[in-house]
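The stops below go from one selection to the next.

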Amino acid sequence: MSGAPYPFTAVVGQTDLRLALLLNAVSPAVGGVLVRGEKGTAKSTAVRALSALLPQVDVVPGCRFSCAPGAPDPTCPDGPHEPGPGTARPARMVELPVGASEDRLVGALDIERALAEGVKAFEPGLLADAHRGILYVDEVNLLHDHLVDVLLDAAAMGASYVEREGVSVRHAARFLLVGTMNPEEGELRPQLLDRFGLTVEVAASREPAQRVEVVRRRLAYEDDPAAFAARWAGEEQDVRARVVAARALLPQVRLGDTALLQIAATCAGFEVDGMRADIVMARTASALAAWAGRTEVRKEDVRQAALLALPHRRRRNPFDAPGLDEDKLDEILDRFPDEEPQDEPDPEPDGPDDGGDGPDDGDGPDGGGVPPQGGPETGHAPEETAAPEGEAPEPQPSAPQGGADGAEQAAVRAAEPFRTKMLSVPGLGEGAAGRRSRARTAHGRTTGAQRPRGQLTKLHLAATVQAAAPHQKARGRSGRGLVVRKDDLRQATREGREGNLVLFVVDASGSMAARQRMSAVKGAVLSLLLDAYQRRDKVGLITFRGAGAELALPPTSSVEAAAARLERLPTGGRTPLAAGLLKAHEVLRIERLRDPSRRPLLVLVTDGRATSAGAPGGRPGDTPRELSARSARLLAAEGTASVVVDCESGPVRLGLAAALAADLGGPAVTLDGLRADSLAGLVKNVRTASETPRRAA
């Protein structure tokens with residue numbers, strides 16, 4: 001839609017979100033904002049509207065890297081810059097697409113000109129565009145690992161480096177990093193998560209009046225964007241002026257010893273790793289005081305800073321829900337009462353308000369005035385917020401149902417997770433970057449060279465020189481420089497690791513529960529889910545029990561959602577093993593059409609017993625075991641890499657899981673053997689039916 005952007009002050013509610021964004025506008029040193037929440041909660045709308053509130057920046061005329069006239073970057077590729085007046089322009093908001101290439105992010109060097117002419121021909125990327133502005137990443141949790149690494153480096157050093165075979169370019173890249181994400185689609189790597197100064201949880205309002213206001217404003221904006229923006233121009237100007245005033249006041253804000261003790265005690269009390277949290281809290285508390293028009297940091301500033309800066313830094317594993325115990329926070333802060341306040345005016349902190357104060361539920365804007373900051377209540381997430389899908393709630397015991405043969409038993413808690421062996425898909429793939437199976441990737445060790453297909457991204461210098469060398473005399477080479485033509489350039493081929501689709505097929509029948517093995521089984525699957533999280537896999541979950549199989553979780557990047565489904569998984573009934581395998585075959589067939597390059601890994605968790613067919617297609621007289629074996633061979637015939645986690649226990653074992661693994665063409669591993677520290681070895685490669693199993697070393 002063309003026209004004026006949606007006004008920031010017209011966003012309904014979302015007090016924490018708007019406050020966090022404005023604090024970064026006041027003090028960019030706070031370090032950015034991560035906005036977590038369900039879809040349709042105005043996350044992107046609020047972020048895009050922020051740039052209109054930022055003060056203009058002065059830049060050197062003609063500089064592609066936005067150097068400040070008073071202090072230009074001495075290493076600027078467009079420099080050196082002569083002293084002179086600058087040109088004022090609005091602060092930029094640059095969006096980084098999830099599928100962007102590394103060259104689009106950091107910029108591109110013309111390698112051919114560099115080799116032949118010795119010229120550093122550099123085309124700036126998004127990091128250069130975002131310098132002294134905002135870099136916005138929607139769905140930041142889906143960003144490729146190699147782009148995450150580049151962002152981490154730039155955020156840490158305030159500069160971007162581009163290296164291509166000995167040719168290097170450096171330029172300043174200081175930006176406000178803002179990311180939005182839906183936790184249902186997967187979590188962020190811990191390294192990137194810690195780079196965000198503040199985090200905010202958002203959710204749609206459950207109040208009908210607030211939802212009505214959201215729809216009313218959205219429709220008014222779509223009918224006439226310019227007229228709608230004009231109605232809010234006064235409020236926008238007021239907030240813009242307040243941001244400028246707070247920036248000017250910020251250097252005068254005093255962060256006293258008591259406030260520093262409150263910050264240190266809070267971070268220590270919540271066992272936050274490292275010192276970045278203390279620094280971010282100090283900067284945030286100072287920005288809060290400046291936003292409120294004060295020159296002294298108070299306890300309420302420290303409290304609000306903790307609610308914004310600490311929740312995402314307290315997670316010990318990816319299945320922990322972010323959050324902060326506010327009673328504990330108050331108890332810590334009460335140990336250090338504020339110093340006697342100095343005589344200074346305490347202006348009314350609230351800005352203009354239009355009466356809307358609830359979260360939006362539309363994908364677009366919703367409204368509200370300037371976020372207030374004056375007391376602890378402004379730091380709370382909405383009480384009615386539903387936990388995002390993927391965060392495991394406390395399991396509720398369910399009463400047994402059905403008869404003796406099909407009784408459903410209550411869900412049991414998973415045993416403690418452990419570090420598992422690495423299960424990998426054989427062969428060489430070409431899927432999305434990850435950490436599981438071997439694959440041709442843009443990053444990794446160099447294995448060879450080839451002619452580039454399209455734009456050259458990774459030059460193989462030795463192969464390029466070797467291709468150009470025989471033609472130097474014919475090309476009239478006279479000096480020391482090598483005469484290189486485009487046809488001589490060679491692309492380096494690299495081998496790294498890819499992420500896979502790990503599809504869990506879990507036996508939840510009565511035979512698993514009868515021997516009280518389900519807790520251990522859940523612990524093993526949870527351990528494999530943790531491994532999948534670390535290796536950047538997609539995961540899916542199929543369960544089978546009673547009359548058939550169920551796709552409990554379609555393939556997703558959210559291992560948290562899988563863990564939550566697993567925690568609530570009940571057991572009981574007969575064992576339709578064939579139904580579980582056929583359901584897996586159906587799911588994998590659909591996923592191959594959706595994402596052909598992502599190779600699957602089937603993890604079947606069962607004791608191998610089959611007491612019910614649970615699926616059509618069997619021949620007359622087929623036993624459930626025969627039908628299961630035929631279903632397994634169907635998966636093996638399509639080359640599906642599989643591993644069977646054998647849950648059989650007791651002194652007498654039938655070996656049914658091992659026989660099923662042979663039909664699948666993969667290995668069987670016991671629950672104990674799945675542990676990385678077991679005596680069976682550290683790495684187990686999953687083999688397809690076409691491969692000859694190797695003997696264990």
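Start by selecting F228, which is buried at 2% relative accessibility (buried means under 20% relative accessible area, exposed over 50%, partly exposed in between, with a 1.4 Å probe and protein chains only). This is a predicted model: local features need pLDDT of at least 70, side-chain atom pairs count only at pLDDT 80 or more, and totals for chains, interfaces and linings use all residues. Residues are numbered from 1 along each chain as its sequence is written, and side-chain values use heavy atoms, with hydrogens and water left out.

Y6, Y221, F228 and W232 form one aromatic cluster. Rings of Phe, Tyr and Trp (its six-membered ring) pair if their centres lie within 6.5 Å; planes under 30 degrees apart count as stacked, over 60 as edge-to-face and the rest as tilted.

Next, select R242 and W291: the charged end of R242 sits over the W291 ring, 3.9 Å from its centre. Then go to K328, which lies over the face of F270 at 5.0 Å from the ring centre. For such a charge, NZ of Lys or CZ of Arg is within 6 Å of the ring centre and within 35 degrees of the ring normal.

Last, select Q472, buried with a relative accessible area of 7%. Which residues does Q472 contact, leaving aside its neighbours within four places in sequence? They are R477, L482 and V483, where contact means heavy atoms within 4.5 Å. The Q472 side chain reaches the backbone oxygen of A468 at 2.8 Å and the backbone nitrogen of V483 at 2.8 Å.

Conventions: A polar contact is a pair of N or O atoms within 3.5 Å; within protein, one must be able to donate a hydrogen and the other to accept it, and residues adjacent in sequence count only if both atoms are side-chain atoms.
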